[in-house]
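Colleague: I'm new to this one. Could you walk me through how to read it, step by step?

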Amino acid sequence: MPVEAIKTIIIKHGMPSVEQARMRLQDELRKARQSGVKVLKLVHGYGSSGVGGDLRIALQSTLRQMALQHEIGDCIYGENWRTGDERSWGLLKRMPELKNDSDLGKSNKGVTIIIL
């Protein structure tokens with residue numbers, strides 16, 4: 001069974017608390033590593049309900065720390081997920097199949113791309 005290029009994780013369903021969302025994120029990262037997934041698209045929302053904003057800020061902060069500690073390869077915020085962004089372009093050159101991602105170039109603040 002081929003490994004998908006990008007796996008989408010919708011963390012905002014059920015309006016979890018920040019701590020619940022962090023626990024879900026850790027669980028999804030573990031599953032992705034075990035199954036060989038290299039890139040995750042985390043859908044955390046962007047704050048239209050008031051809860052998504054908290055999730056977005058907290059999860060992006062967590063992911064930034066994880067990248068600094070080399071627990072993940074990197075993370076690219078949805079608003080930067082475009083061909084004109086240096087880090088995005090580097091990933092797209094390594095994995096051209098990601099050019100088909102529906103959020104690429106849409107400045108979607110409700111998602112974050114995670115490179116494992």
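Modeller: Happy to. Let's begin with a term: helices and strands here are DSSP runs, numbered from the N terminus.

Colleague: How many helices and strands does the protein have?

Modeller: Three helices and four strands. Going along the sequence, they come in the order β-α-β-α-β-α-β. The radius of gyration is 13 Å, close to the 13 Å that the globule rule gives for 116 residues, so the protein is as compact as a globular protein of that length. Its C-alpha atoms fill a box of roughly 35 × 30 × 30 Å along the principal axes.

Colleague: Since it's a prediction, what does the pLDDT say about the protein?

Modeller: The general idea first: where pLDDT is low, the predicted coordinates should not be read in detail. In this case the average is 92, and 92% of the residues score at least 70.

Colleague: Which element has the lowest mean pLDDT, and which the highest?

Modeller: Helix α2 (residues 51–68) has the lowest, at 90, and strand β3 (residues 74–77) the highest, at 98.

Colleague: What share of the residues is buried?

Modeller: To call a residue buried, you need a relative accessible area under 20%. Of the 116 residues, 43% pass that test. As for the accessible surface, it comes to about 6,500 Å², and 51% of that belongs to carbon and sulfur atoms.

Colleague: And the charged side chains, how many are positive and how many negative?

Modeller: There are 18 positive and 13 negative ones, and the centres of the two sets lie 1 Å apart.

Colleague: Now contacts. What share of them joins residues 24 or more positions apart?

Modeller: Counting contacts with a separation of 6 or more, 67% are between residues 24 or more positions apart. Aspartate 74 gives you an example. This residue is in strand β3, and its C-alpha atom is 5.1 Å from that of isoleucine 115, although 41 residues separate them along the chain. Leaving out neighbours within four places in sequence, aspartate 74 contacts Ala67, Arg87, Ile113, Ile114 and Ile115.

Colleague: Is aspartate 74 buried or partly exposed, and which is glutamine 60?

Modeller: Aspartate 74 is partly exposed, because its relative accessibility is 23%. Glutamine 60, in helix α2, is buried, with a relative accessible area of 6%. Beyond four places in sequence, glutamine 60 touches His44, Leu55, Tyr77, Val111 and Thr112.

Colleague: What about glutamate 28, buried or exposed?

Modeller: Glutamate 28 counts as buried, since its relative accessibility is 18%. You'll find this residue in helix α1, touching Lys7, Ile9 and Leu40 once residues up to four places away are set aside.

Key
Residues numbered from 1 in each chain as written. Predicted model: local features only at pLDDT ≥ 70, side-chain atom pairs only at ≥ 80, totals over all residues. Heavy atoms only, no water. pLDDT = per-residue confidence, 0-100. Helix = DSSP H or I, 4+ residues; strand = E, 2+ residues; numbered from the N terminus. Rg over C-alpha atoms; globule rule 2.2 N^0.38 Å. Buried < 20%, exposed > 50% of the residue type's maximum accessible area, 1.4 Å probe, protein only. Contact = heavy atoms within 4.5 Å. Areas by Shrake-Rupley, 256 points an atom, 1.4 Å probe, with all protein chains shown as cover. Lys, Arg positive; Asp, Glu negative; His and termini not counted. Charge placed at Lys NZ, Arg CZ, Asp CG, Glu CD.
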